[in-house]
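I opened this structure for the first time today. These are my notes on what I looked up.

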Amino acid sequence: MSTTLYRRPGVAELHPVRTRRRWNATKVVLGVSVPVGFVVLWQLSAVLEWVDPFLYPPPSRLIPGLVALWEDGKLVEATVTSVRRVILGYLLGAAGGLVVGLLMGMSRVLRAALEPFSWAWYTVPKLALLPIFLTIFGFGDTSVVVLIAATVYFFVWISVMSAVMAVPTGYREAALMLRANRWEMFRHVLLPAALPEIFVGLRISAGVSVLMLVGIEFVISDQGLGYLIEQGRTLLLLEQSYVGIVLVALIGYLFALLVKAIGRLFIRWTSDDNAIIPT
Amino acid sequence: MSRFRVLGAALLLLSAAACGGGGGEPSAAPATDLGAVVPVEGCGPDSYVDPADLSPDRKIARCEAGTPEAQPLKEPATIRMTSASRSSSLAPIFVGMAQGEFEKENLKIEFSVLPFADAMPQLAAGRVDVSYGGTEAGLFNAVSQGLDIKWVLGNFVEPKAADLSQPQTGLWARRDIFSDPADPDLKELKGKTLGSTVGAASAIAYPMDKALREHGITLGDMEIKQLPAADLMTALSNKAIDTAWLLDPYWLTAADQPDSYVLVGGQPAGETLGGFYAGKSMIEERPEVLQAFVRAYIRTVNTYLDGDYIKDDKVLDAMAEGTQQPRDSLTRTPSLTFDWEIRQGTGESEQKVFIAFKTVKYADVIAEDRYVDRSFYARAVGHSAS
């Protein structure tokens, strides 16, 4: 006995434009309401003394702290320093990781030669290399930038190599049937197929670069947002630490968003997964 | 209907939590009356020095060995103590523990490593009883923001501080930064870099500033670079910095190369820059326990740590165990002069430097009685005027 299943078109099919707009609006509202809810809860917990307001200064106390840091120029100086370091380190590391990852993804020989060595280095916590970097590059910005670059490099390298290797064999075979040469294979098959995964890796490494930056600035620097956070902790100026933490979170988010936005320019065909950058 | 019930229950829970957090904290136990101060056998007039006496060559307060005598607590008590490191300046604690001086008072010490900045809020909240640290900017910020923390015991003084021909902890400079390396003119330090662990926020900001002022410049005339203590000597030898405040045992490396480095400033002679800090949980709620701790500390100093104690094997064993450093490393630096007292004005001088460098967020010096309590060590030696 056969069964016939009938399905009426849903709202999405009947009103695709309206549905999409509504979903986009919902995503933005959800994306914004969670942090807003968090801030409200944070403020309430301090006002109602569920937590010690000295140890956990509420958002209302961060605003005067932010103004004070702004007025004495510390905030701008720290933010500019940190952003400069993270962008330089990220660009250096990402460029290296991209090139090496693509080459290793396409070449079995290179993979066989470099993969064990690279994996071994990948697992070393880069902060443990700090004394070596300090000896080689000195105590200035160079050490910080190179250490961020080294961290980003490994994350990008792995994601790029994996993305290239994961391109389905059928894609390559189709291109070979069309007599594509090595460059054409790379330009028209491997790169477009791997790009979505590559940009996921680039976005993850954007966050990692900020993590690394703060870690290094905690330890050696006398500038930057990491230093601002650490100084606030040491001096028991906890508002300063919290302002720094919020700024670092914001920079990390904006940085990942920027990489995502750049990614969207290159991979318009993939589905959207972000509330702020709708398709 | 059930949705409203859930909402009602949630609101009830929230309001209960709010009430619980706001006014339901356990009330402070009534403070124990420590009674009148009575003379202590073995602790004569030399056991207490007027806090206003800042002379570097004054006699450091001491009682006879084995005194003040133990007065065991009725009930065993535990003291949760923290320190940023297992420094050799904690010898009275390590030796006192090894020799059973705290046990004699029915006290047990639970020692853990925690940076002083992180320990202060715990101290004020009563989760830590005693912390070892320095008179840092963080302490004054904490006090100014209402945290109840008191400096109750000093740590040590540096009798040789005034004599810069004696290698010691202090401000070391590379000779090659001076136009005449053999005879450095310290005015030339203006604009040079200075490496320090906590920068202008540490207890040594005051002695650094004092040392520079003697030569017509201030700490503000130098560019401060903040680096970990272990990296300062490396930075100095790499010429990444020009000068550095080198702590034990790092100055030994500089002292081994007198042609390359020169000591340009030492600690303030005769002043302790740190020591032991207690919170409300000890001072107000368990003063008898703090008193027992202070008594055991002072007795340990009098009995084992007066003079060149580093040559005493049992002291060295206890220090090696406590600091977790090899014996050879401990014997490389000279014995410290422990001083449990707190000089008058040290905190004020520190604050003035911190205010100038804006590492504290207030402009007027906080009165000493808000962060110093000399009554415990005075009572331990029977100083009745306390």
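**Ground rules.** I am reading a predicted model, in which local features need pLDDT of at least 70, side-chain atom pairs count only at pLDDT 80 or more, and totals for chains, interfaces and linings use all residues. Residues are numbered from 1 along each chain as its sequence is written, chains are lettered from A and ligands numbered from 1 in the order in which they are written, and side-chain values use heavy atoms, with hydrogens and water left out.

**Confidence.** I looked up pLDDT, the predictor's confidence in each residue, from 0 to 100. Chain A has a mean of 89, and 96% of its residues reach 70 or more. Within chain A, helix α4 (residues 74-106) is highest at 95, while helix α6 (residues 130-137) is lowest at a mean of 81. Helices here are DSSP runs (H or I, at least four residues), and strands are too (E, at least two), numbered from the N terminus.

**Annotated spans.** I checked UniProt next. Its unreviewed entry marks "transmembrane region" at residues 28-48, 87-107, 119-139, 145-168, 189-220 and 240-259 of chain A. Such annotations may be inferred rather than shown by experiment. I took two of these spans. Residues 87-107 of chain A are 95% helix, with end C-alpha atoms 30 Å apart. Residues 240-259 of chain A are 100% helix, and their end C-alpha atoms lie 28 Å apart.

**Rings.** I counted Phe, Tyr and Trp rings (six-membered for Trp) as paired if their centres lie within 6.5 Å; planes under 30 degrees apart are stacked, over 60 edge-to-face, the rest tilted. That gives 24 aromatic pairs over all chains. A:Trp42 and A:Tyr242 are tilted, because their planes stand at 40 degrees, with centres 5.9 Å apart. A:Trp42 is in helix α2 and A:Tyr242 in helix α11, so this pair ties together parts 200 residues apart in sequence. Buried means under 20% relative accessible area (exposed is over 50%, partly exposed in between; 1.4 Å probe, protein chains only). A:Trp42, at 16%, counts as buried. A:Tyr242, at 18%, does too.

I then moved to chain B. B:Phe276 and B:Phe293 pair edge-to-face, 5.9 Å centre to centre and 65 degrees between planes. B:Phe276 sits in strand β11 and B:Phe293 in helix α10, 17 residues apart.

**Cores.** A nonpolar core joins buried Ala, Val, Leu, Ile, Met, Phe, Trp, Tyr and Cys through side-chain atoms within 4.5 Å. The largest has 103 residues; B:Phe276 and B:Phe293 are among those touching the most other members. Helix α10 of chain B gives the most, 10 residues. Apart from it lies another core of 51 residues, including A:Ala78 and A:Ile220.
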